[in-house]
Amino acid sequence: EPLDLVIRGGTVATASAEFKADIGIRDGRIVTLAVELPRAKDEIDATGKLVLPGGVDAHCHFDQPTSDGSRMADDFASGPLSAAFGGTTTVIPFACQQKGQSLRAAVSDYHERANGKSVIDYAFHLIVTDPTEQVLGQELPALIRDGYSSFKIYTTYDDLKLDDRQIIEVLALAKREGALTMIHAENSDIIAWLTEALERAGDTAPRFHATARPAIAEREATHRAISLAEVVDTPILVVHVSGGEAMQQIVTARHRGTRVFAETCPQYLFLTADDLDLGGFEGAKHICSPPPRDTASQESVWRGLQDGTFQVFSSDHAPFRFDDPEGKKVGGETSGFSHVPNGIPGVETRLPLLFSEGVVKGRISLRRFVELTSTNPARLYGLMPRKGTIAIGSDADIAIWDPQKQVTITNDMLHHNVDYTPYEGRQVTGWPEIVLSRGAVVIRDGECLGNPGRGQFLECGTPDTLP
Ligand code: DUC
Ligand code: ZN
Ligand code: ZN
Ligand code: ZN
């Protein structure tokens, strides 16, 4: 049977190997890998290029309602489109339960939001904010079996956070049902107390967001989350880890034998708290939680990417426009940092930033890059072997990467609906040239060739949390 497509002459990289091979694709899947394949109906010349499994962005927020009157700028069309332009072929955004809402209702709501829009495949993590008896006893176990096998819980934000008892109940359920719990770890009361003190003193400029959410608040909640997971004896994944203090809790726990996984994001490599201090309200562009810290933290995070402390590198794309009363300015420019929606865009720049500063500059290997950005998230969230690798039988989700291309990042070249990028003016080496989703070219030379809605919903299987 003839092949639909051959990707010829490139250097294939997976999490475990780099080799020259042609890739044969039929019906959207990789069916052969060989040194020299016969001609196919369609051919892509990848000579001089890297052929990588498309990125899996396991932490991004699209069209997620907020409680402060703000609105996310990206929906399930623009978010995945922007991801695809940056070499990502699978996104795992969140379906967030509102307090008082059934989890099932939340899931159908997000399916409606996503239906017919995405250009690439997507799954959902749940966000559990209201672990009632109904949710823990019936809804969540059924949803886990239906392909929603990971969920996030919060230790902060009044409308999202769980107390320790609730966290234990949720973790016990994750253990029983074989799900993976992701934890946002920041001590809510420390933040509230510091915020009130800052506001009383009139210190409400954007940079005080970082003062109000110090590393110690993250360290304490990370320690506590790990302790609760140890009591239950179940794995957890700590999301958006910002620096050395929280990392130390994770490393120490792992030495005790706890299965604690960790994620970090571009903002902790490329921004510091000084980026919240740009004069006037400008710094609000970089308000996210946990906040970016200092250059020593950036170095710690790089070390963690090198030494295996981190398994996953995600964007935490949380898109709010800057110059917009439904964005960063929802509370007005003078009402202070505590009224600014938390989050920054980054779904399109995630891979180029890590490739350029990590692989090109020799901080991490190409294999490690693939592992952190594609293979590990696919594995941990139950999408392997369909996603996250280049192997026979896997979906032909592939980024053909030009490792030499020089790009100056500017917001007008990006495809999100946000009116700024935190990385404006930054020079990078390496950018995806062609992106395939299930064997179809969706991006070529800066053009989208895939229709919105061609992306499919993915049911996630059991998370692979073995060490
Ligand atoms: N946590 C996230 O994961 N994203 C945006 C804001 C936050 O606190
Ligand atoms: Zn979070
Ligand atoms: Zn403690
Ligand atoms: Zn997030």
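Residues 50-439 have their end C-alpha atoms 17 Å apart, and the span is 35% helix and 17% strand. That stretch is what UniProt, in an unreviewed entry, labels "domain: Amidohydrolase-related". Keep in mind as you look around that this is a predicted model.

Let's begin with the ligand. Around ligand 1 you'll find His184, Val239, His240, Cys288, Ser289, Asp316, Ala318, Asn342 and Gly343. Sorted by class, that shell has three nonpolar, five polar and one charged residues.

Take His184 and Val239. Both are touched by Lys152, whose contacts beyond four places in sequence are Phe94, His125, Ile127, Met182, His184 and Val239. Lys152 itself sits in strand E10, residues 150-154. Is this lysine buried or exposed? With 20 other C-beta atoms within 10 Å, Lys152 is buried, because 20 or more is what the cut-off asks for. The UniProt record, again an unreviewed entry, puts "modified residue: N6-carboxylysine" at Lys152.

Most residues other than glycine have a negative phi, and most peptide bonds are trans. His240 has a positive phi of about 35 degrees, although it is not a glycine. You'll find His240 in the loop between strand E12 (236-238) and helix H8 (244-255). His240 is buried too, because 24 other C-beta atoms lie within 10 Å.

Ser289 brings up the peptide-bond side of things. The bond from Ser289 to Pro290 is cis, with omega near -10 degrees, and Ser289 is also part of the shell around ligand 1. Pro290 belongs to the loop between helix H9 (267-270) and H10. Follow the chain into H10, residues 295-307, and you get to Thr295. Thr295 is exposed, because 9 other C-beta atoms lie within 10 Å.

Still, H12 bends by about 45 degrees at Leu372. The helix is largely enclosed by the rest of the structure, because 14 of its 15 residues are buried.

What comes after H12 is also of interest if you care about backbone torsions. Just after the helix, Gly382 takes a positive phi of about 75 degrees. Then there is a cis peptide bond joining Met384 and Pro385, with omega about 0 degrees. Pro385 is in the loop between H12 and strand E15 (398-408).

Helix H1, residues 78-85, is mostly covered, with eight of its eight residues buried. Those residues are Ser78, Gly79, Pro80, Leu81, Ser82, Ala83, Ala84 and Phe85. What do they pack against? The partners are strands E6 (55-60), E7 (88-96), E8 (121-122), E16 (427-437), E17 (440-444) and E18 (447-448). After H1 comes Gly87, with a positive phi near 95 degrees.

Like His240, Asp445 is not a glycine, and its phi is positive, about 45 degrees. Buried or exposed, then? Asp445 counts as exposed, because it has 7 C-beta neighbours inside 10 Å.

To finish, visit strand E3, residues 29-34, where Val31 lies. Val31 is partly exposed, because it has 18 C-beta neighbours inside 10 Å. Which residues does Val31 touch beyond four places in sequence? The contacts are Leu3, Gly24, Ile25, Arg26 and Ile392. Ile392 is 361 residues from Val31 in sequence, yet their C-alpha atoms are 5.0 Å apart.

Methods
Residues numbered from 1 in each chain as written. Chains lettered and ligands numbered in written order. Predicted model: local features only at pLDDT ≥ 70, side-chain atom pairs only at ≥ 80, totals over all residues. UniProt positions renumbered as here; feature names shortened; annotations may be inferred. Helix = DSSP H or I, 4+ residues; strand = E, 2+ residues; numbered from the N terminus. Buried ≥ 20, exposed ≤ 12 C-beta atoms within 10 Å, placed from the backbone. Contact = placed C-beta atoms within 7 Å. Bend = angle between axes of the 7 residues up to and from the residue. Near = placed C-beta within 6 Å. Nonpolar A, V, L, I, M, F, W, Y, C, P; charged D, E, K, R; others polar.
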